[in-house]
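Please read the following note beside the sequence and the model. The points are set out in numbered paragraphs.

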Amino acid sequence: MNRTPFRTRIKFCGLTRAGDVRLASELGVDAVGFVFAEKSPRRLKAEEARAMRQALAPLVDVVALFMDNSQDEVREVVRQVRPSLLQFHGDEDDAFCRGFGVQYLKAVPMGGNGSREDGIALHRRYPSAAGFLFDSHGGGESGGSGRTFDWGRLPAGLQKPFVLAGGLTPDNVFQAVRDTMPWGVDVSSGIEAAPGVKDGDRMRRFVEEVRRADCNAD
Ligand SMILES: O=C(O)c1ccccc1N[C@@H]1O[C@H](COP(=O)(O)O)[C@@H](O)[C@H]1O
């Protein structure tokens, strides 16, 4: 399933500062992502994310990102942060991902020997997923690397929304949206000055480029 003809959703991920959350809201992004993956330089504690949530404007979603975290860790984040969407980057199965009573996106690794599954196989493996997120890391590797993958390898036959991620920047997101027509785009490194420290100018340019691509839609 591709996007609506009107608007590509935007998620800014890996925010660690309340000021960045405020600016993301002002720029009109649809969602901000808080990272709880163990090895990430952007990792937050549940109570830090809960505090940052206060900086969020109405109608902007919070997404909580995990990578093979324990059930107890995910539960604690859900309890404290109240995300509207979970994003799983590890080997979690459908039963695990759906077990928290919150909609989820399953990240599919497209780097290295990453997924060759088509849309039908993905739906079979993750029947409860609200959508899929295609990222450039290899299986077992952490994301947020700033690397792209070959967009021509996106699986055919997807019947759920998909989010494009991996190495998106203000300089390539226009082309990425035009080429792949995703439901949404997700960016972390491409709008950063350093891991977890977002750059206001890059954030603004990223949003402008997505909107430019939407205006140029065929
Ligand atoms: O951001 C992280 O540190 C991270 C850690 C573990 C799994 C995923 C992670 N980030 C996600 O990776 C993609 C692409 O990021 P980038 O734009 O290439 O830096 C995105 O979904 C991030 O949320």
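**Note on the predicted model**

1. Leaving aside neighbours within four places in sequence, Lys 198 is in contact with Leu 15, Asp 20, Ile 191, Glu 192 and Met 203. It should be kept in mind that the model is predicted.

2. Lys 198 lies in strand E10, which covers residues 197–198. Is this residue buried or exposed? Lys 198 has 25 C-beta neighbours inside 10 Å, and a residue with 20 or more is counted as buried; Lys 198 is therefore buried.

3. Although Lys 198 and Ala 24 stand 174 residues apart along the chain, their C-alpha atoms are separated by 9.7 Å. Ala 24 belongs to helix H1 and takes part in the contact with helix H7 described next.

4. Helix H1 (residues 18–27) packs with helix H7 (residues 200–215) at an angle of about 25°, and their axes are 10 Å apart. Angles under 35 degrees count as roughly parallel, so H1 and H7 are roughly parallel to each other. Their crossing is right-handed.

5. Which residues bring H1 and H7 together? From H1, Leu 23, Ala 24 and Leu 27 meet Gly 200, Met 203, Arg 204 and Val 207 of H7. By class, this contact comprises 5 nonpolar, 1 polar and 1 charged residues. Met 203 is also among the contacts of Lys 198.

6. Around the ligand there are 26 residues, of which Cys 13, Ser 40, Gly 143, Gly 144 and Ser 189 come nearest. Strands E2 (31–35), E6 (131–135) and E8 (184–187) are the elements that each give two or more residues to this shell. Its composition by class is 9 nonpolar, 14 polar and 3 charged residues.

How values were computed
Residues are numbered from 1 along each chain as its sequence is written. This is a predicted model: local features need pLDDT of at least 70, side-chain atom pairs count only at pLDDT 80 or more; totals for chains, interfaces and linings use all residues. Axes are lines fitted to C-alpha atoms, for helices over the stretch in contact, and angles run from 0 to 180 degrees between N-to-C directions. Helices (H or I, at least four residues) and strands (E, at least two) are DSSP runs, numbered from the N terminus. Angles under 35 degrees count as roughly parallel, over 145 as roughly antiparallel, 65 to 115 as roughly perpendicular and the rest as oblique. A crossing is left-handed if the near helix is turned anticlockwise from the far one by less than a right angle, and right-handed if clockwise. Two residues are in contact if their C-beta atoms, placed from the backbone, lie within 7 Å. Ala, Val, Leu, Ile, Met, Phe, Trp, Tyr, Cys and Pro count as nonpolar, Asp, Glu, Lys and Arg as charged, and the others, Gly among them, as polar. A residue is buried if 20 or more other C-beta atoms lie within 10 Å of its own, exposed if 12 or fewer, and partly exposed in between; C-beta atoms are placed from the backbone. A residue is near a molecule or strand if its C-beta atom, placed from the backbone, lies within 6 Å of it.
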